[in-house]
Amino acid sequence: MAENLIKIPAKKKGENLKQRAFLNSVTSIIDYAGVQLVGFFVSPFIVRGLGSEIYGVWQMLSQMTGFANMADTRASQVLKWSVAQKRDTYAGEILRKEVTSALLITIFILPIVLIMGGVIIWYAPYLTNVDESLYGLIRSVCGILMFALVINKVFDLFESVLRGMNLGFKRMGVRAGIVAFGGGLKVWVILQGYGIIGLSLIEVFLSLATGITFYYIVKAHVPWFGFGKTDRKSLVAYGKLSGWFMAFTGSKMFLLGSDKIILGYLSTPVYVTQYTITMFASLALQGIISAVVNGVIPGIGSLFGQQHFEKVKQARKLIANLNWLIVFSIGTSILLLNHSFIQLWMGQDYFAGNIENFLIILIALQFVFFQTDSFIINVSLELKEKVMFSIISSVVTFLLALWLVPVYQILGLCISILLGRMVLTIGYPIILKNKMSERNVFSFTHIRPFTVSLLVFIGANYAGQYVSISDWLSLLGSGGAVILIAGILFWIVGFNAGDRNETAAVLAKIKLFKSK
């Protein structure tokens with residue numbers, strides 16, 4: 001047994017981090033594209049089937065359920081980053097011990113999650129501002145969604161092992177297929193008149209199907225996977241680390257998962273529907289970038305664990321370059337064409353407005369950069385400073401929203417989010433500076449792409465007021481052309497020669513059809 005506890009060689013032969021990062025990113029993009037495509041085709045049925053008010057309530061309940069995660073230690077996240085750090089330096093017995101510790105911590109915390117869920121279920125009708133006759137329905141739906149959340153908590157451990165081992169690409173297309181099937185079921189329950197009760201039951205089915213499928217994928221591709229012996233000391237250490245993840249999750253819930261609840265409670269659920277529909281395209285943009293970053297991060301975790309900080313800095317710079325290129329290209333297209341898109345998709349009444357559309361894109365731009373730094377900080381497994389900055393940001397956002405949302409509705413919410421999250425935009429780079437001994441907190445290389453992006457975004461937003469496209473074919477053609485032209489423009493004007501050469505060199509090393 002003792003020989004299993006010693007470290008093994010730091011590098012495994014044949015693992016191409018760049019190639020695996022590419023494959024993981026493609027997998028995440030396929031999954032997210034599946035979610036977005038299903039949302040695109042299914043949402044009109046749900047909106048029209050439920051009506052604007054109840055659809056807004058459904059969105060609020062979906063966010064509200066997530067607040068039970070405030071009592072969750074996020075053991076799955078600790079497991080993912082622990083495996084990412086240790087997979088190249090420790091033997092299988094240690095990794096199995098990690099899995100067991102994560103499972104036991106998850107089981108210990110479930111009663112607290114259920115208590116928190118019970119509180120949310122009881123108060124859900126009051127927070128959604130629905131008529132008293134709907135109280136029973138709202139509580140039932142919230143309870144079913146809470147059950148789906150508990151299922152996800154347990155099964156998330158399996159996906160965490162897969163992603164921590166940098167093997168996320170082994171599930172390529174699986175989640176997208178499950179989501180597509182679930183989308184068909186959602187359309188069926190709406191057409192049959194089962195409403196939000198039917199939708200919530202579909203969420204339970206999707207949670208079970210995804211979890212069971214991931215279990216078999218992990219068993220097939222991770223040779224060491226299983227449950228090993230653990231001890232009280234390991235559980236206490238794991239619990240403390242999970243506690244910091246829990247604290248961060250709580251602050252993150254207020255920061256990233258409360259916007260629809262705040263908007264609906266301080267105004268009406270109808271504004272939530274407008275807000276949700278208008279930000280559909282920008283959420284797709286955020287998802288694409290998160291997919292790319294999530295594919296790269298497990299490889300960075302291995303580098304971080306071996307303290308190769310210069311390589312971590314290089315990877316962070318490359319991610320930033322890709323972020324700028326993607327946000328600029330797709331963001332410009334959204335600012336020009338989102339009004340036309342929503343008119344064709346849902347109808348004129350569901351577009352929140354040009355200024356709101358512009359602020360939503362700025363929120364997306366802000367998000368992708370602090371989220372990248374957030375992922376890298378997670379790899380370090382030292383979260384105290386991150387939690388503090390997140391709590392401050394949440395408080396600032398919430399206080400501003402209390403003041404601005406009742407008066408300016410969606411516009412007030414967007415301003416509150418932008419200003420509140422500036423704490424993270426400034427704070428996260430400071431944390432990384434301290435962890436990696438960087439001399440400069442902020443890179444001046446961001447000034448050029450930010451200036452170019454802001455100027456073009458302002459122009460695109462202004463021009464978007466006068467763009468009206470009345471058919472899908474023209475819209476798709478225009479969108480593709482704008483993305484291509486904007487991408488070329490940014491490559492020339494937004495990047496300096498060094499950035500162009502570095503980004504092109506890395507992209508040239510990626511083999512599109514190589515599977516390892």
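This is a predicted model: local features need pLDDT of at least 70, side-chain atom pairs count only at pLDDT 80 or more; totals for chains, interfaces and linings use all residues.
Biologist: How are helix H15 and helix H16 oriented to each other, given where their axes cross?

Modeller: The axes of H15, residues 447–464, and H16, residues 472–494, come within 10 Å and cross at roughly 140°. Angles over 145 degrees would count as roughly antiparallel and those from 65 to 115 as roughly perpendicular, and the two helices are therefore oblique to each other.

Biologist: Which class of residue has seven members in the contact of H15 with H16?

Modeller: On the side of H15 the contact is made by Arg448, Pro449, Val452, Ser453 and Val456, while H16 brings Leu489, Phe490, Ile492, Val493 and Gly494. Sorted by class, the contact has one charged and two polar residues, and the class with seven is nonpolar.

Biologist: Which helix supplies the largest share of the lining of the second largest pocket?

Modeller: The second largest pocket holds about 700 Å³ of space, and at least two residues of its lining come from each of helix H1 (17–50), helix H11 (280–305), helix H12 (309–345) and H16. The largest share, seven residues, belongs to H11.

Biologist: How many charged residues are in the lining of the second largest pocket?

Modeller: The lining of this pocket is made of 25 residues, and those nearest its centre are Phe280, Ala281, Ala284, Phe341 and Leu476. When the lining of the second largest pocket is divided by class, 19 residues are nonpolar and six are polar, and the number of charged residues is none.

Note on methods: Residues are numbered from 1 along each chain as its sequence is written. Side-chain values use heavy atoms; hydrogens and water are left out. Axes are lines fitted to C-alpha atoms, for helices over the stretch in contact, and angles run from 0 to 180 degrees between N-to-C directions. Helices (H or I, at least four residues) and strands (E, at least two) are DSSP runs, numbered from the N terminus. Angles under 35 degrees count as roughly parallel, over 145 as roughly antiparallel, 65 to 115 as roughly perpendicular and the rest as oblique. Contact means heavy atoms within 4.5 Å. Ala, Val, Leu, Ile, Met, Phe, Trp, Tyr, Cys and Pro count as nonpolar, Asp, Glu, Lys and Arg as charged, and the others, Gly among them, as polar. On a 1 Å grid over the protein atoms alone, a cavity is a set of points where a 1.4 Å probe fits but cannot get out, and a pocket is an open set with protein on both sides within 12 Å along at least five of seven lines; lining residues have an atom within 4 Å of a point. Grid points are joined across faces, edges and corners, and a volume is the space filled by probe spheres set on the points.
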